[in-house]
Amino acid sequence: MPIFMHPEFDAHEEIVFCHDPESGLRAIIAIHNTRRGPAVGGCRMWPYATEDEALTDALRLSRGMTFKSALADLPFGGGKSVIVGDPHKDKTDSLLIAMAGFVESLGGRYIIAEDVGITQDDAEIMQRRTAHVAGTRAGGAGDPSPSTAYGVYMGIRAAAAHRLGQESLKGIRIAVQGLGQVGSHLCRYLADDGARLSVTDIDPAAVTRAETEFAAQAVAPEAIYDTPAEIFAPCALGAVINDVTLPRLKFRIVAGAANNQLAEARHGAALAKRDILYAPDYVINAGGVINISHEGANYRKDEAVKHVARIHNTLSEIFRRADSERIPTSQAADALALERLNSVPAAA
Ligand code: NAD
């Protein structure tokens with residue numbers, strides 16, 4: 001399919017196809033928009049079945065980063081990269097360094113960071129070849145995942161206050177899908193606030209840890225959608241809100257870390273129709289990139305944490321706007337993000 005006609009193409013500024021025969025690297029870097037600053041966005045490594053799947057992910061995720069940074073008022077644009085391959089089998093230092101070479105060739109227009117399948121250690125390997133890497137120990141701010149989890153926690157509290165009439169999560173059951181870098185930290189915040197957890201992961205060891213540490217109830221991966229709980233926190237992969245899962249959801253709130261939770265934009269309206277309050281993914285999961293925006297020699301954790309906590313207010317504003325304009329929260333978030341994006345003059 002011609003790329004300019006691709007359904008997920010949304011005026012992306014630049015799309016780079018990267019191939020390095022020696023390391024076997026096949027990757028795509030998508031720069032969606034640099035109006036507010038360099039395109040910042042993580043790198044995902046995943047065994048995509050087709051090239052189109054990889055491209056679709058890069059196009060959607062990079063657009064989400066533009067909206068995320070605009071809503072969080074960061075001096076960043078939106079970008080994202082994907083590496084085709086299985087991180088457990090195909091990831092080598094030479095592949096990561098080849099990827100970093102392509103990032104370097106963009107001269108700072110794209111800043112890479114970790115995402116699914118790419119860890120902080122991997123980002124630090126890339127740093128040997130390019131300085132355009134965020135979220136490493138050298139940057140001062142460190143691993144973005146705990147900040148993402150804290151932002152999601154604050155967002156869940158905002159959603160609970162709006163929909164359940166209580167800010168505290170005491171006694172509220174929350175179904176957490178995915179216990180990786182973000183999900184595991186999130187469970188700690190939720191458990192400390194008194195929430196009761198139902199958890200799932202395709203990695204049985206992660207589930208056992210959550211059972212032990214948080215007295216969580218284990219649920220089979222496919223059964224998570226039917227779990228009786230007030231809140232569903234998707235923290236694994238995207239597209240979990242779709243035509244198949246929607247009729248099964250009995251939750252009152254969907255609020256989690258995963259990117260691209262809605263399989264298609266229309267599923268935002270479908271959630272609203274079922275009276276399920278949706279915390280738009282790119283608003284609630286902005287904690288990591290907010291933390292990155294504080295990187296540097298003068299990094300102050302307390303300042304970064306305060307900034308991340310503002311996700312609570314942004315989400316509350318979106319929920320109120322959705323109510324008053326009678327539109328889905330996903331639409332209210334897009335409207336606010338576009339207003340913030342367009343408030344910055346376009347570069348000459
Ligand atoms: P991760 O790879 O560390 O964790 C993902 C977890 O989900 C893994 O434990 C994996 O086994 C599990 N999983 C995969 N498929 C599953 C399934 N079908 N059912 C249940 N569990 C499944 O990734 P992460 O960094 O924790 O990110 C999680 C999500 O949050 C991703 O969508 C990512 O894009 C998004 N996100 C992450 C950050 C961050 O700071 N890491 C920031 C913003 C958004």
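User: How do I read the open sheet, and in what order do the strands run?

Analyst: Start with the general idea. Strands of a sheet pair through backbone hydrogen bonds, either parallel or antiparallel. Now this case, which is a predicted model. The open sheet has six strands, ordered E8-E7-E6-E9-E10-E11, and the pairing is parallel.

User: Which are the edge strands?

Analyst: Look for strands that pair on one side only. Here they are strand E8 (217-218) and strand E11 (277-278).

User: How many bridges join E10 and E11?

Analyst: Two bridges link strand E10 (residues 253-254) to E11, in the parallel sense. Val-254 has Tyr-278 in E11 as its bridge partner.

User: Which side chains have a polar atom by an oxygen atom of the ligand, and at what distance?

Analyst: Look for N or O pairs within 3.5 Å. In Thr-148, a polar side-chain atom lies 2.7 Å from a ligand oxygen. For Asp-115, the distance is 3.2 Å. A side-chain N or O atom of Asn-259 is 2.8 Å from an oxygen atom of the ligand.

User: How much of the ligand does the protein bury?

Analyst: Taken alone, the ligand exposes 820 Å², and the protein buries 84% of that.

Note on methods. Residues are numbered from 1 along each chain as its sequence is written. This is a predicted model: local features need pLDDT of at least 70, side-chain atom pairs count only at pLDDT 80 or more; totals for chains, interfaces and linings use all residues. Side-chain values use heavy atoms; hydrogens and water are left out. A polar contact is a pair of N or O atoms within 3.5 Å; within protein, one must be able to donate a hydrogen and the other to accept it, and residues adjacent in sequence count only if both atoms are side-chain atoms. Accessible areas come from the Shrake-Rupley method with a 1.4 Å probe; for residues, only the protein chains shown count as cover. Two strands pair if DSSP finds at least two bridges between them. Helices (H or I, at least four residues) and strands (E, at least two) are DSSP runs, numbered from the N terminus.
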